[in-house]
Amino acid sequence: MQTVLITGGSGGIGAELARRLRAQGANVAIVARSVERLNAVADETGAHAFPADVLDAEAFADTVKRIETDVGEIDGFAHAVGSVFLRPLHATSLEDWRTTFETNATSAFIALKAVMPLMMRRRRGSVVLFSTVAASTGLPNHETIAAAKSAIEGLVRSASISYARYGIRVNAVAPALTRTPLSRSLWENEMTLKASVAMHPLGRIGEPGDIAAAAMYFLSDASAWTTGQILGVDGGLSAGSPPVTLKP
Ligand SMILES: NC(=O)c1ccc[n+]([C@@H]2O[C@H](COP(=O)([O-])OP(=O)(O)OC[C@H]3O[C@@H](n4cnc5c(N)ncnc54)[C@H](OP(=O)(O)O)[C@@H]3O)[C@@H](O)[C@H]2O)c1
């Protein structure tokens, strides 16, 4: 874990990952669009800020080249860019569907296209993507985001095999509801928070540190013999329903 690139490094999970990596002495480059939020995380953590839109493939490829020159050869890559979209399919516009796929699946494709050749040349690297519990567990109104994140899970499994011979590992973390700016509307509202807590067998929603800890594991040599895996970090939600307390 000498040099790690985090796309979405100013977000709830990305920033917490940057904090933890810096605390372990890694060089960290963070990418996001809003310069102000990116600089705030860079100032706090000592990470290097590179403002860019991952969906602009050419600009992102240039950014990755600058990171290699200014920060160091990228050994680890975490793509913490994504969205949450909750609406039943019949009430979802084609534009919403396309935007959700762009932000989640296409952004991962573009980012990996830029990073993989560098890791292939050096025959080492670890990649972490982010899915959602909804990709493997049927949750109402999650059709669009579940489909987009299922694309991520398919990408992870295939890429893990394609790039294993280059010494590159590819894994994903699949969180349930986690307290970040992305899901603020869900956890800030008392009623939806209560309903969410009740859904999770471990009796709480996730914190950014829960998810960042799993990403740290995949980025480190502790997972040296692990690739192609989707790790559910979801308070037990994907394992089954919490027990129902029946009143006499
Ligand atoms: N929080 C949850 O409940 C939850 C649940 C399941 C899965 N996840 C997944 O976990 C990952 C991290 O989520 P989070 O909760 O940390 O989200 P977040 O707080 O909203 O952070 C998202 C980050 O991505 C950046 N970003 C968005 N679009 C970008 C683009 N086109 N180019 C460059 N940067 C871009 C954002 O900064 P700018 O807007 O400034 O670009 C921000 O730094 C995502 O893949 C998300 O889908 C989260």
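The views below come from a predicted model.

**View 1. The shell around the ligand.** The ligand is surrounded by 29 residues. The closest are Ser10, Arg33, Ser34, Thr178 and Thr180. Sorted by class, this shell holds 12 nonpolar, 13 polar and 4 charged residues. The ligand sits in the largest pocket.

View 2. Gly11 places a polar backbone atom 2.9 Å from an oxygen atom of the ligand. For Gly8, a backbone N or O atom lies 3.4 Å from a ligand oxygen atom. Lys149 uses its side chain: an N or O atom there is 2.9 Å from an oxygen atom of the ligand. On its own, the ligand has 890 Å² of accessible area, and the protein covers 92% of that.

View 3. An unreviewed UniProt entry places the feature "domain: Ketoreductase" at residues 2–176. The span is 49% helix and 19% strand. Its end C-alpha atoms lie 29 Å apart.

View 4. Arg123 is not a glycine, yet its phi is positive, at about 55°.

**View 5. The loop with Asn141.** Asn141 is found in the loop between E5 and helix H5 (143–162). Its phi is near 70°, a positive value in a residue other than glycine.

Technical notes: Residues numbered from 1 in each chain as written. Predicted model: local features only at pLDDT ≥ 70, side-chain atom pairs only at ≥ 80, totals over all residues. Heavy atoms only, no water. Near = heavy atom within 4 Å. Polar contact = N/O pair within 3.5 Å; in protein donor to acceptor, adjacent residues only side chain to side chain. Areas by Shrake-Rupley, 256 points an atom, 1.4 Å probe, with all protein chains shown as cover. 1 Å grid on protein atoms, 1.4 Å probe; cavity = no way out; pocket = protein on both sides within 12 Å on 5 of 7 lines; lining within 4 Å. Sits in = over half its atoms within 2 Å of the grid points. Nonpolar A, V, L, I, M, F, W, Y, C, P; charged D, E, K, R; others polar. UniProt positions renumbered as here; feature names shortened; annotations may be inferred. Helix = DSSP H or I, 4+ residues; strand = E, 2+ residues; numbered from the N terminus.
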